[in-house]
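Please read them with the model open.

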Amino acid sequence: MRWYKIKALMFRDFKIITRCKFRLVELFYFPLTTILIWGLFSIFTRNISVETGIMVLAVNIFWSFAHLSQFTTNIQINQDFWSGSFRQVMASGFTRFEYMFARIVSSTVSSAAIMVYMLLIASIFGLTIFFEQPGMTLALSGITLIGSMALAITVTALILFLGREYAFLAWTLLEGFILLSAPVYPVDVFPEALQHLAQVMPFTNIFAGVREMISFGTLNPAFLVNGLVIAIAYLIISIPLYHFSFKRAKGNGTLSRMD
Amino acid sequence: MDAIKVSGVSKKFKEKGKTFWALRDVSFSVKKGEIFGILGPNGAGKTTLLNIMIKLVSPDSGRIEILGKDVSSDNNILEEMNFVSGDTKFHWVLRADDIMNFYAMAYNIPKEKRKERIEKLLTFFGIDDIRERKFDDLSTGEKMRLIFAKAMLNRPKILLLDEPTLGLDPAIAMRVRDEIKRVNRKFGTTVILTSHYMNEIEQLSDRIAFIHDGRIIDMGKVESVKLKRFGTYDVIIKVKKVLDKDSLEKQGFQVSGSVLKKRLAIGKSISNVLSTLQKNGYEVLDIETKKPTLEDYFVKILKKGVKPEGA
């Protein structure tokens, strides 16, 4: 892994973000409206149930963070395909892992900044526990990030395997995982068969942990451990999947036709 | 020493259940500083060959060595090369200086040298006034010059050009050809050029390979490649007055008014023909030789479905 290669792609990704209006909207506007909608909902529900609104708001922050970190990685790659610049980038000597890793790092930096931005806005609505317990917040965010990156790598692998018309997976696949990760409801809500599946979703333990933090002000370490194990398992599966898809795309000519 | 050595490279692709050969046992070598043209019809395998060189396609068999290094196993070799294709694009929102800075960083050009090198290249290609403009806002000519400026950032020892003038208007295409020559002469860059524009290949290449159905059919200097398929050329001579038509026809001339046409074997000089005419009292007004062009060669190969030598 050559650091100057990673730095070069990160430089390019940040230039694209700052010069591309829709990327700025994705990064700042949508999180802002999400937090405002659920923040106002939390004000409305204060008289009915103190926790419900804040819980939904807190889950939404982690949901948005998971979405942003995965989506940002994939959209950076998709934009290389759509702009017709993928061949040029690869011809300058990036290995498949340098290419992917750089995207993960730049996505992590921008998503982490947006996470802080969302938490700051949420504090206006009284959601301050994540600043009061920074260690727990960092742990939950870190595990969310690992799960999201594993999904981002999987999405890239699938697009390389299936072709660029499957680019829509970048903004659809994660939503299915969120649904099954039981964001604002417990896993028990699902039929029994789905409950088993939900237990191995990358964000189930994160959302359960967030709900527990809001309800009791504490976090059971089991959520962190289970969440971390599952996220790492996803990551371990996603890397060879990406390696295999890239190699296959190189073999059957798909890679040279991605842009 | 050879800059590029391609040995027995083969590649098959599957499309809609059918397998076809993109490259079949392709072998050639290119010397340092040479411009090597690869021509052939669409789908002949030219682009696949370049895609293998830039590691976007893996060959089924064979080996490519660039500057003595095996392309498939050396990660750094692409930093000694650069690649331009006719459809090269950069991200539409990036400005010219973003693009140059990104590639300068990707080629690990030290920060203190980066700015100076970018300035020099933009000036060399006459585009130093576009640095703050977005790629999408540039004219076709400015885009092509930016692409070439980017291609020279890492001072490549090898430049791969895949149909670099595809879709360009004649004036810009001519400018691009000039740039290729200029870069080759100034920096001693070895160039592999693919095109199906015959005149382009003929003008630029020191040697050529004709590729068809994934196979190299002919290879060598342009003239010698044409010689392999054409044994003769025509000489058209305009004389003041035809004195003895029968005698001229007996000597193998076709006579039409005051215009004489004779077919000569390639390599045979026209001086003998002219001196014979002058001895017989003819006053020559104009001489034109019609040698087969690369285009004639191309058409002949495709019509006859010629097999590679030794096949």
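1. Ala96(B), Ile99(B), Met100(B) and Tyr103(B) of H2(B) touch Leu146(B), Ala149(B) and Lys150(B) of H4(B), where contact means heavy atoms within 4.5 Å. By class, this contact has six nonpolar residues, no polar ones and one charged. Here Ala, Val, Leu, Ile, Met, Phe, Trp, Tyr, Cys and Pro count as nonpolar, Asp, Glu, Lys and Arg as charged, and the others, Gly among them, as polar. Helices (H or I, at least four residues) and strands (E, at least two) are DSSP runs, numbered from the N terminus.

2. This is a predicted model, in which local features need pLDDT of at least 70 and side-chain atom pairs count only at pLDDT 80 or more, while totals for chains, interfaces and linings use all residues. Residues are numbered from 1 along each chain as its sequence is written, chains are lettered from A and ligands numbered from 1 in the order in which they are written, and side-chain values use heavy atoms, with hydrogens and water left out.

3. How do H2(B) and H4(B) pack? H2(B) and helix H4 (residues 140–151) of chain B meet at an angle of about 20°, and their axes lie 10 Å apart. Axes are lines fitted to C-alpha atoms, for helices over the stretch in contact, and angles run from 0 to 180 degrees between N-to-C directions. H2(B) is therefore roughly parallel to H4(B); angles under 35 degrees count as roughly parallel, over 145 as roughly antiparallel, 65 to 115 as roughly perpendicular and the rest as oblique.

4. From H2(B), the contact takes Met100(B), Asn101(B), Ala104(B) and Met105(B), and from H3(B) it takes Arg114(B), Ile118(B), Leu121(B) and Leu122(B). Six of these residues are nonpolar, one is polar and one is charged.

5. In chain A, helix H5 (residues 96–123) and helix H7 (residues 134–162) pack at an angle of about 140°, with their axes 11 Å apart. H5(A) is therefore oblique to H7(A), and their crossing is right-handed. The residues of H5(A) that meet H7(A) include Met100(A), Ile104(A) and Leu119(A), and among their partners in H7(A) are Leu145(A), Met149(A) and Ile153(A). The contact of H5(A) with H7(A) divides into eight nonpolar, five polar and no charged residues.

6. The largest pocket holds about 750 Å³ of space. Of the 32 residues lining it, the closest to its centre are Arg257(A), Thr47(B), Thr48(B), Asn51(B) and Asp162(B). A pocket is an open set of points on a 1 Å grid over the protein atoms alone, with protein on both sides within 12 Å along at least five of seven lines; a cavity is a set where a 1.4 Å probe fits but cannot get out, and lining residues have an atom within 4 Å of a point. Grid points are joined across faces, edges and corners, and a volume is the space filled by probe spheres set on the points. H1(B) gives the most to the lining of the largest pocket, with four residues.

7. The largest cavity has a volume of about 30 Å³. Its lining consists of Glu223(B), Lys226(B), Leu227(B), Ile266(B), Lys291(B) and Pro292(B).

How values were computed
Left-handed = near helix turned anticlockwise from the far one by under 90°.
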